[in-house]
Amino acid sequence: DRFESLGAKKVCKWKAQISLYKKHADKQYPGVPVDKGALDVFMIQFPTDAPDKCYLVARQGEEDKVLESGTGLQNIWAVMNSSNSSQPLFDQRTALTVDGWAYRLGDFVM
């Protein structure tokens with residue numbers, strides 16, 4: 001392992017779960033511009049580092065807005081965008097889970 005060859009020590013397992021949501025296009029009215037607001041939303045959770053927290057990153061033009069909340073936001077988001085609702089606000093496009101090891105090398109954790 002590259003880090004271990006430098007003298008780094010394995011500290012713990014690390015995991016991140018990321019979901020990308022895109023603004024739902026109204027299929028009833030094609031060609032009608034989507035209202036202003038966040039077009040892309042990323043839902044990020046680090047279950048190994050902060051299991052009780054969830055981060056929502058909303059991309060809006062040149063600005064990104066970050067919201068830190070409890071994991072209850074995931075339940076609200078799921079209900080708000082469920083296929084049972086009349087029209088979900090966002091469609092999930094991608095889900096990604098990344099896991100690996102955290103290493104300590106001197107004062108740094110990688």
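**Rings and a buried residue**

Tutor: The charged end of K10 lies over the ring of W101, 4.4 Å from the ring's centre. Keep in mind that this is a predicted model.

Student: How many aromatic pairs does a search of the whole structure find?
Tutor: It finds 5 aromatic pairs. In one of them, the ring centres of Y21 and W77 are 5.2 Å apart and the planes are at 70 degrees, so that pair is edge-to-face.

Student: Where in the chain do Y21 and W77 sit?
Tutor: Y21 is in strand β1, residues 9-23. W77 is in helix α2, residues 72-80.

Student: Are Y21 and W77 buried or exposed?
Tutor: Both Y21 and W77 are buried.

Student: Which residues form one aromatic cluster?
Tutor: W14, F46 and Y55 do.

Student: New topic. Where is D40?
Tutor: D40 is in strand β2, which covers residues 40-45.

Student: Is D40 buried or exposed? And why?
Tutor: D40 has a relative accessible area of 11%. Buried means under 20%, so D40 counts as buried.

Student: What does the side chain of D40 make a polar contact with?
Tutor: With the side chain of K22, at 3.0 Å.

Student: Leaving out residues up to four places away in sequence, which ones does D40 touch?
Tutor: D40 touches L20, Y21 and K22, along with V57, A58 and R59.

Terms used. Residues are numbered from 1 along each chain as its sequence is written. This is a predicted model: local features need pLDDT of at least 70, side-chain atom pairs count only at pLDDT 80 or more; totals for chains, interfaces and linings use all residues. Side-chain values use heavy atoms; hydrogens and water are left out. Helices (H or I, at least four residues) and strands (E, at least two) are DSSP runs, numbered from the N terminus. Buried means under 20% relative accessible area, exposed over 50%, partly exposed in between (1.4 Å probe, protein chains only). A polar contact is a pair of N or O atoms within 3.5 Å; within protein, one must be able to donate a hydrogen and the other to accept it, and residues adjacent in sequence count only if both atoms are side-chain atoms. Contact means heavy atoms within 4.5 Å. Rings of Phe, Tyr and Trp (its six-membered ring) pair if their centres lie within 6.5 Å; planes under 30 degrees apart count as stacked, over 60 as edge-to-face and the rest as tilted. A charge sits over a ring if NZ of Lys or CZ of Arg is within 6 Å of the ring centre and within 35 degrees of the ring normal.
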